[in-house]
Amino acid sequence: MKKMLLAIGIIVTLAACSDSDESSVNENTVEDGNAANENNAIDHGIVEDKEEKKKDVGFTVDDEGNIIAAEVPEEPANELFAAYKEYIAAFNSEDIDRYMNTIAQNPDGFDREEDKEALTQAFKAYDSVYETSDETIVKYEENRAEVFAALNVKMKAANSDDAIEQSARQVVVFKKEDDEWKVSGVHLVGDQ
């Protein structure tokens with residue numbers, strides 16, 4: 001079972017790689033919370049280009065704890081939700097070519113070839129399923145957008161009946177490539 005917990009951590013991490021050098025850890029101390037910190041869910045940033053300023057990745061909640069949606073025209077919103085749905089379906093199908101078709105050629109948040117190699121190995125060793133809910137476009141620009149979702153990962157070793165589940169919140173960064181929305185970065189926000 002310890003191997004399974006480690007593996008689920010690896011798969012969730014693979015699907016949530018970022019360029020930041022530090023990891024976000026909630027140790028349930030007084031210092032945890034919404035402090036301005038490079039890897040905080042409220043102020044989590046990636047560098048799109050060494051010359052370009054840091055872009056914040058994250059989401060905002062209202063007083064009741066609901067995710068605040070960005071204002072997005074209907075057509076781009078439909079395209080983004082379709083791209084997100086295909087990204088999740090491609091992962092769940094464990095079809096590496098289909099999955100890689102959802103990924104940007106030059107992603108900003110991870111190395112495309114490293115991601116492909118690691119997921120190919122993970123797909124062979126584990127049966128994994130992503131279930132999402134509360135999908136919300138939280139940031140939108142003409143060629144860049146972010147989709148928030150609550151994520152439940154179910155995973156078991158390919159030759160075992162032992163299964164585990166992990167819940168988290170995730171923000172997937174999309175960018176336009178050849179007039180299509182492609183995954184450019186994935187940020188795991190943390191356990192729910």
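This is a predicted model: local features need pLDDT of at least 70, side-chain atom pairs count only at pLDDT 80 or more; totals for chains, interfaces and linings use all residues.

Me: Why is the contact between glutamate 79 and lysine 176 called a salt bridge?
Reply: A salt bridge needs a side-chain nitrogen of Lys or Arg within 4 Å of a carboxyl oxygen of Asp or Glu. The side chains of glutamate 79 and lysine 176 meet at 4.0 Å, N to O. Residues are numbered from 1 along each chain as its sequence is written, and side-chain values use heavy atoms, with hydrogens and water left out.

Me: What makes this pair a tie between separate parts of the chain?
Reply: Glutamate 79 lies in helix H2 (residues 74-93) and lysine 176 in strand E5 (residues 163-177), so the bridge ties together parts 97 residues apart in sequence. Helices (H or I, at least four residues) and strands (E, at least two) are DSSP runs, numbered from the N terminus.

Me: What makes Glu79, Lys176 and Asp179 a network?
Reply: Salt bridges link these three residues. Aspartate 179 has a relative accessible area of 65%, so it is exposed.

Me: How many salt bridges does the whole structure hold?
Reply: The search finds 8. One of them joins glutamate 146 and arginine 144 at 2.9 Å, N to O.

Me: How do you know that arginine 144 is buried?
Reply: Its relative accessible area is 7%, so it falls under the cut-off for buried. Glutamate 146 is buried as well. Arginine 144 lies in strand E4.

Me: Why does this pair also count as a polar contact?
Reply: A polar contact is a pair of N or O atoms within 3.5 Å; within protein, one must be able to donate a hydrogen and the other to accept it, and residues adjacent in sequence count only if both atoms are side-chain atoms. The side chains of arginine 144 and glutamate 146 make such a contact at 2.9 Å.

Me: Why are E4 and E5 called paired strands?
Reply: Two strands pair if DSSP finds at least two bridges between them. E4 and E5 share 13 bridges, so they pair, and they run antiparallel. Valine 153 stands opposite glutamine 166 in E5. A hairpin of 5 residues joins E4 to E5.

Me: What makes a nonpolar core?
Reply: It is a set of buried Ala, Val, Leu, Ile, Met, Phe, Trp, Tyr and Cys residues joined through side-chain atoms within 4.5 Å. The largest one has 27 residues, and those touching the most other members include Tyr84, Tyr87 and Val183. Its largest share, 8 residues, comes from H2. A second, separate core of 5 residues includes Phe59, Val138, Phe148 and Val171.

Me: What does valine 183 touch?
Reply: Contact means heavy atoms within 4.5 Å. Not counting residues up to four places away in sequence, valine 183 touches Tyr87, Ile103, Pro107 and Phe174, among others.

Terms used. Buried means under 20% relative accessible area, exposed over 50%, partly exposed in between (1.4 Å probe, protein chains only).
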